[in-house]
Amino acid sequence: IADAYGVVLVTPKFSKKYWPNSRHYNQGNMFTRHQKSPKPRAVWSFTAMEKAVGIASEYARVSGEKFYLYGHSAGSQFVHRYVMVTGGKRVIRAVAANAGYYLWPDAKINFPYGIKLLENHDWDWAAVFRANLTILAGSNDNQPDAKSLSRHANAMDQGEHRLQRALNFFLAARAFAAQKDHEFKWRLETVPNVGHSNKGMSIPAARVLFGK
């Protein structure tokens, strides 16, 4: 796919050794264990990804100032949280495909399901909703008993399965943006006849990212 579109493909490895669980990787490594206290930005997984892009761009002799971003499943959680937490100002286009649960823009729900505990974060909601982010959902990713699907109470409040959670999150984000009178440029797309499959989602994602 990268060759077909003529892009430099950077795939940072968040190894189990250094990023052992979801708190460290897809939740951004923003908090200490049990969400007791926030960590400095320098140790976030979001920052590590930006560093990886910078190093790779030097080797490839291309600009790494702005980049395209794609993630599936846990990677999708990483992508949409990165856009929300940073404002997505370095992202040209981003695709979050088949996330298990989302960072709801709700200050009454604890992170990582909502933005409570991030009261002191410097949110730039105008930039967040102006970012070119597509929530991509497989139409067949609709199994309530799917393997590895979070059944945490806060995740279940988002929907019974990944497809429903994607739809509900998009609507909640759009309503939140409208409430704050912000331009909303996010998109929601459903990929027909595809379930929880990175392979099945990657080609449609590439079209969204690189298509004219």
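**Figure 1. Helix 2 and helix 3 are roughly perpendicular to each other, a term for angles of 65 to 115 degrees.** In this predicted model, local features need pLDDT of at least 70 and side-chain atom pairs count only at pLDDT 80 or more, whereas totals for chains, interfaces and linings use all residues. Residues are numbered from 1 along each chain as its sequence is written, and side-chain values use heavy atoms, without hydrogens and water. The two helices pack at an angle of about 95°, and their axes are 10 Å apart; axes are lines fitted to C-alpha atoms over the stretch in contact, and angles run from 0 to 180 degrees between N-to-C directions. Helix 2 contributes Ser-45, Phe-46, Met-49 and Glu-50 to the contact, and helix 3 contributes Phe-78, Arg-81, Tyr-82 and Val-85 (contact: heavy atoms within 4.5 Å). By class, 5 of these residues are nonpolar, 1 is polar and 2 are charged. Helices (H or I, at least four residues) and strands (E, at least two) are DSSP runs numbered from the N terminus.

**Figure 2. The largest nonpolar core has 43 residues.** Such a core is a set of buried Ala, Val, Leu, Ile, Met, Phe, Trp, Tyr and Cys residues joined through side-chain atoms within 4.5 Å; buried means under 20% relative accessible area, exposed over 50% and partly exposed in between, with a 1.4 Å probe and protein chains only. Tyr-82 and Trp-186 have the most contacts inside this core. Elements that each supply at least two of its residues include helix 2 (45-60), helix 3 (74-86) and helix 6 (162-179). Helix 6 gives the largest share, 8 residues.

Figure 3. Beyond its neighbours within four places in sequence, Trp-186 is in contact with Met-84, Val-128, Phe-129, Ala-131, Leu-133, Phe-169, Phe-170 and Ala-173. Another core, of 11 residues, lies apart from the largest one and includes Val-95, Leu-136, Ala-206 and Val-208.

**Figure 4. Backbone features of the loop between strand 2 and helix 4.** Most residues other than glycine have a negative phi, and most peptide bonds are trans. The peptide bond from Phe-111 to Pro-112 is cis, with omega near 15°, and Pro-112 is found in this loop. Leu-117 lies in the loop between strand 2 and helix 4 as well. Although not a glycine, Leu-117 has a positive phi of about 90°; with 31% relative accessibility, Leu-117 is partly exposed.

**Figure 5. Asp-181 has a positive phi of about 60° without being a glycine.** Asp-181 is placed in the loop between helix 6 and strand 4 (187-191). With a relative accessible area of 71%, Asp-181 is exposed.

How values were computed: Angles under 35 degrees count as roughly parallel, over 145 as roughly antiparallel, 65 to 115 as roughly perpendicular and the rest as oblique. Ala, Val, Leu, Ile, Met, Phe, Trp, Tyr, Cys and Pro count as nonpolar, Asp, Glu, Lys and Arg as charged, and the others, Gly among them, as polar.
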